[in-house]
Amino acid sequence: MNRNNFTSESVTCGHPDKVCDQIADRILDALLEQDPQSRVACEVTCATDAVHIFGEVTTKAEVDYSGLARRVIEEIGYTEPNRGFDAETCQIRVELHEQSPDIARGIDRRTEAERINSGAGDQGIMFGYACKETANRMPLPIELAHALAKRLELVRRSNELQYLLPDGKTQVTVEYDEQNRPCRVAAVIVSGQHREGVDIHTLRDDILGHVILPTIPTALIDKDTQFFINPTGRFVMGGPAADSGLTGRKLISDTYGGCARHGGGAFSGKDASKVDRSGAYLARYIAKNIVAADLADRCEVQLGYAIGLAEPVSFRIDTFGTERRKKDDIYDAVLRTVDMRPMAIIEKFGLTEPIFSRVSCYGHFGSNAADMPWERTDLRLSV
């Protein structure tokens with residue numbers, strides 16, 4: 001094993017945790033569509049034949065939470081009875097209550113003029129990251145892992161591989177050279193849920209030919225690249241019938257695949273007054289724009305907020321020695337240019353729009369979010 005390897009993973013839309021993320025973000029979008037000022041902190045769990053939707057919602061919108069959850073489950077592909085989890089027969093329990101007034105008093109402002117100084121919905125720290133490994137300034141391992149998971153879903157939905165079922169996982173190990181540049185793919189893991197009776201050798205050949213080879217660039221594969229396809233030899237029982245799911249449990253694959261730190265706050269099911277979400281999007285925007293402006297080859301941004309306060313209590317930039325300008329000058333340029341108050345972030349990125357379910361699978365950053373406002377490189381930093 002090479003000492004300079006890095007590995008990231010992704011999961012398909014049918015993974016139990018991602019089922020929960022998709023339901024939570026679809027609920028959020030449905031509420032925002034009717035009431036853009038909705039306050040939402042929706043959690044979802046799932047298990048065999050059961051979904052539990054709970055948390056805090058303050059809104060003027062009226063949403064059929066159970067019906068919406070069933071539509072999401074159906075769209076994912078859990079439609080067959082007697083497999084332990086399907087859209088029609090699973091039990092859905094809803095326990096949502098209004099946001100705590102103690103939290104609301106830190107966010108809500110009486111007048112429109114005061115609104116821009118609305119405080120953060122909670123304390124917390126958020127990280128953003130960017131690098132030059134890929135065109136969209138994301139680490140290569142997580143971009144490849146997501147691309148494989150998307151391809152695995154595609155060949156299932158298109159019936160190219162008719163025996164595949166919704167659950168699946170991918171993992172990619174990239175080897176880096178002495179200058180910390182990706183030079184080859186060392187290992188690929190793909191596990192796809194499948195129907196009974198599928199020959200394992202056929203499945204492995206199919207996934208290699210239909211999923212891996214069309215996805216991983218040929219230049220990154222060599223004779224020593226290892227492929228592990230359904231390593232246990234059987235993946236019939238999957239999804240919530242095999243393992244429980246929970247919102248926010250795939251934070252690393254939601255972000256940078258482990259190449260950058262994570263503050264710990266989840267995204268899905270939260271409106272943008274929660275800085276776990278909006279702050280993380282801003283941190284990515286700042287980091288990506290620093291790299292895109294060729295001020296550094298790698299950049300990690302940290303923000304820290306206190307509940308009820310508008311301005312962040314901390315702001316940090318780390319360029320890992322790759323900066324092309326003085327780090328203090330970059331730092332000052334960002335402070336002069338970027339308004340980091342939560343409501344300013346919401347207004348800049350249009351985060352009261354129902355856009356969040358589009359990134360509830362396959363990453364909130366990079367190629368999967370290419371058309372999202374926090375992925376733009378329009379920040380003009382005078383350094």
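Q: Which residues does Ser-191 touch, not counting residues up to four places away in sequence?
A: This is a predicted model, and in it Ser-191 sits in strand β7, which covers residues 182-194. Setting aside residues up to four places away in sequence, the contacts of Ser-191 are Leu-152, Asp-167, Gly-168, Lys-169, Asn-230, Pro-231 and Phe-235.

Q: Is Ser-191 buried or exposed?
A: Let's look at the number for Ser-191: its relative accessible area is 16%. Buried means under 20%. Because 16% falls under that cut-off, Ser-191 is buried.

Q: Where is Asn-230 found?
A: Asn-230 is one of the residues that Ser-191 touches. Asn-230 has a relative accessibility of 2%, so it counts as buried. As for its place in the chain, Asn-230 belongs to the loop between β8 (226-229) and β9 (245-246).

Q: What is the phi of Asn-230, which is not a glycine?
A: Here's something to look at in the backbone of Asn-230. Although Asn-230 is not a glycine, its phi is positive, at about 45°.

Q: Is Tyr-362 buried or exposed, and what is its phi?
A: You'll find Tyr-362 in the segment after α10 (342-349). Its relative accessibility is 8%, so Tyr-362 counts as buried. Tyr-362 isn't a glycine either, yet it has a positive phi of about 70°.

Q: How does Asp-199 count at 39% relative accessibility?
A: Asp-199 is in the loop between β7 and α6 (200-212). Buried means under 20%, exposed means over 50%, and partly exposed is in between. Because 39% lies between those cut-offs, Asp-199 counts as partly exposed.

Q: What separates the C-alpha atoms of Asp-199 and Arg-234?
A: Along the chain, Asp-199 and Arg-234 are 35 residues apart.

Q: What is the order of the strands in the open sheet of 3 strands?
A: Start at the edges, where β5 (124-131) and β11 (314-318) each pair on one side only. Then 8 bridges join β5 to β10 (residues 298-305), and these two strands run antiparallel. From one strand to the next, the twist averages 10°. Put together, the order is β5-β10-β11.

Q: Which residue in β10 is the bridge partner of Met-126?
A: The bridges between β5 and β10 number 8. Follow Met-126 across to β10, and its bridge partner is Leu-303.

Q: Which helix packs on the sheet, touching β5, β10 and β11?
A: The helix in question spans residues 275-292. Its direction makes about 30° with that of β5. The name to look for is α8.

Q: How much space lies in the largest cavity?
A: Rolling a probe the size of a water molecule over the atoms shows where empty space is left. In this structure there are 3 cavities of 30 Å³ or more. The space in the largest one comes to about 80 Å³.

Q: Which residues lining the largest cavity are the closest to its centre?
A: The lining has 13 residues, which divide into 6 nonpolar, 5 polar and 2 charged. The closest to the centre are Met-126, Phe-127, His-262, Gly-263 and Ala-280.

Q: Which element supplies the largest share of the lining of the largest cavity?
A: Both β5 and α8 supply at least two residues each. The largest share is 3 residues. Those come from β5.

Terms used: Residues are numbered from 1 along each chain as its sequence is written. This is a predicted model: local features need pLDDT of at least 70, side-chain atom pairs count only at pLDDT 80 or more; totals for chains, interfaces and linings use all residues. Side-chain values use heavy atoms; hydrogens and water are left out. Two strands pair if DSSP finds at least two bridges between them. Helices (H or I, at least four residues) and strands (E, at least two) are DSSP runs, numbered from the N terminus. Axes are lines fitted to C-alpha atoms, for helices over the stretch in contact, and angles run from 0 to 180 degrees between N-to-C directions. Contact means heavy atoms within 4.5 Å. On a 1 Å grid over the protein atoms alone, a cavity is a set of points where a 1.4 Å probe fits but cannot get out, and a pocket is an open set with protein on both sides within 12 Å along at least five of seven lines; lining residues have an atom within 4 Å of a point. Grid points are joined across faces, edges and corners, and a volume is the space filled by probe spheres set on the points. Ala, Val, Leu, Ile, Met, Phe, Trp, Tyr, Cys and Pro count as nonpolar, Asp, Glu, Lys and Arg as charged, and the others, Gly among them, as polar. Buried means under 20% relative accessible area, exposed over 50%, partly exposed in between (1.4 Å probe, protein chains only).
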